[in-house]
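Trainee: I am new to this structure and would like to learn how to read its features. Please show it to me, and then we can go through them in turn.

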Amino acid sequence: MGNRALEIAAGDITIGDPSIKGAYITQTTYGSFRTALLPRKALLRACPNAEDLIAKSIAGVTPIASMFLRYYDLALAHATELQPAELDAVSQHLFDLAVLMIGARGTVAEEARSRGLAAARFETLKSNILAQLESPELSLTSLSATHRISSRTIQLMFEQAGETYTGFVLEHRLLRAERLLRNPSLRTRKIIEIAHLAGFQDVSYFHRAFRRRFGRTPDDTRKLADAAD
């Protein structure tokens, strides 16, 4: 970065300034790195000391840095599906996490925590739930232990988003079951197997919930998919 050289350890973070003459990044070993562009004026308003950290190493093992990287990956994975207003919100959340990671203080930090950090924690939580929908071990208790927050806090996060934890899990398990029933490569699998693959242990409950959600039975859904092929 100009006349300042820095070797960044794997997993660590640094601030670069592309306006500095001679600024560049070289990757010396196999791997990859992420880049996030932050508006200079907004960054300096939130973190007046940000320029002092240019080309200096910021530890990437902190909880807030880990949250930033995980939310960054989630945002990148779903960016093409988002509407402009949603993209603006996600960008703001990433900026909030970035300034907390860099060292925002006072009112700015409080606003960033209540906005960006809360959103990132909720999205990370939902992503974790979706990754283990089929697991019979999925529960508020297990999520509470994994994310180090109380079961009540998890319930409140969903309530503030206008839904419930139970409703979120049920909806996505039903959607998964419906996709599996339509999958041609799974046509020979029994309905009970599909229910288990979607995370349902009680098959009778699965049939009732499925019919209530889609207006038809799992078997009818499979027959319709067969007829459409």
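Trainee: Is Tyr72 buried or exposed?

Mentor: Tyr72 is buried, because its relative accessibility is 16%. Buried means under 20% relative accessible area, exposed means over 50%, and partly exposed lies in between, with a 1.4 Å probe and protein chains only. Phe68 is also buried, at 8%. The model is predicted, so local features need pLDDT of at least 70 and side-chain atom pairs count only at pLDDT 80 or more, while totals for chains, interfaces and linings use all residues. Residues are numbered from 1 along each chain as its sequence is written, and side-chain values use heavy atoms, with hydrogens and water left out.

Trainee: Where do Phe68 and Tyr72 lie?

Mentor: An α-helix has 3.6 residues a turn, so residues three or four places apart point the same way. Phe68 and Tyr72 are both in helix α2 (residues 63-78), four residues apart, or about one turn of the helix. Helices (H or I, at least four residues) and strands (E, at least two) are DSSP runs, numbered from the N terminus.

Trainee: How many aromatic pairs does a search of the whole structure find?

Mentor: A pair of aromatic rings is described by the distance of the centres and the angle of the planes. The search of the whole structure finds eight aromatic pairs. Between Phe68 and Tyr72 the ring centres are 6.2 Å apart and the planes are at 45°, so this pair is tilted. Rings of Phe, Tyr and Trp (its six-membered ring) pair if their centres lie within 6.5 Å; planes under 30 degrees apart count as stacked, over 60 as edge-to-face and the rest as tilted.

Trainee: Which parts of the chain do Phe158 and Phe168 link?

Mentor: Phe158 is in helix α6 (residues 151-160) and Phe168 is in helix α7 (residues 165-182), ten residues apart, and the pair links distant parts of the chain. Their ring centres are 5.3 Å apart with planes at 45°, so the pair is tilted. Phe158 is buried at 0% relative accessibility, and Phe168 is buried at 6%.

Trainee: What is Lys126 in contact with, leaving aside its neighbours within four places in sequence?

Mentor: Contact means heavy atoms within 4.5 Å. With those neighbours left aside, Lys126 is in contact with Phe158 and Phe168. Lys126 belongs to helix α4 and is buried at 16% relative accessibility.

Trainee: How many residues does helix α4 have, and what span should they give?

Mentor: The expected span of a helix is 1.5 Å times one less than its number of residues. Helix α4 (residues 106-131) has 26 residues and should span 38 Å; its end C-alpha atoms are 36 Å apart, which agrees. Helix α4 bends by about 35° at Arg113, the bend being the angle between axes fitted to the seven residues ending there and the seven starting there. Its buried residues include Ala109, Gly116 and Phe122. What covers the buried residues of α4 includes α2, α3 (84-102), α5 (140-147), α6 and α7.

Trainee: What does Asp17 touch, not counting residues up to four places away in sequence?

Mentor: Asp17 lies in the segment before α1, and is buried at 9% relative accessibility. Not counting residues up to four places away in sequence, Asp17 touches Met1, Ala23, Arg40 and Ile54. From Asp17 to Ser57 there are 40 residues in sequence and 14 Å in space, C-alpha to C-alpha.
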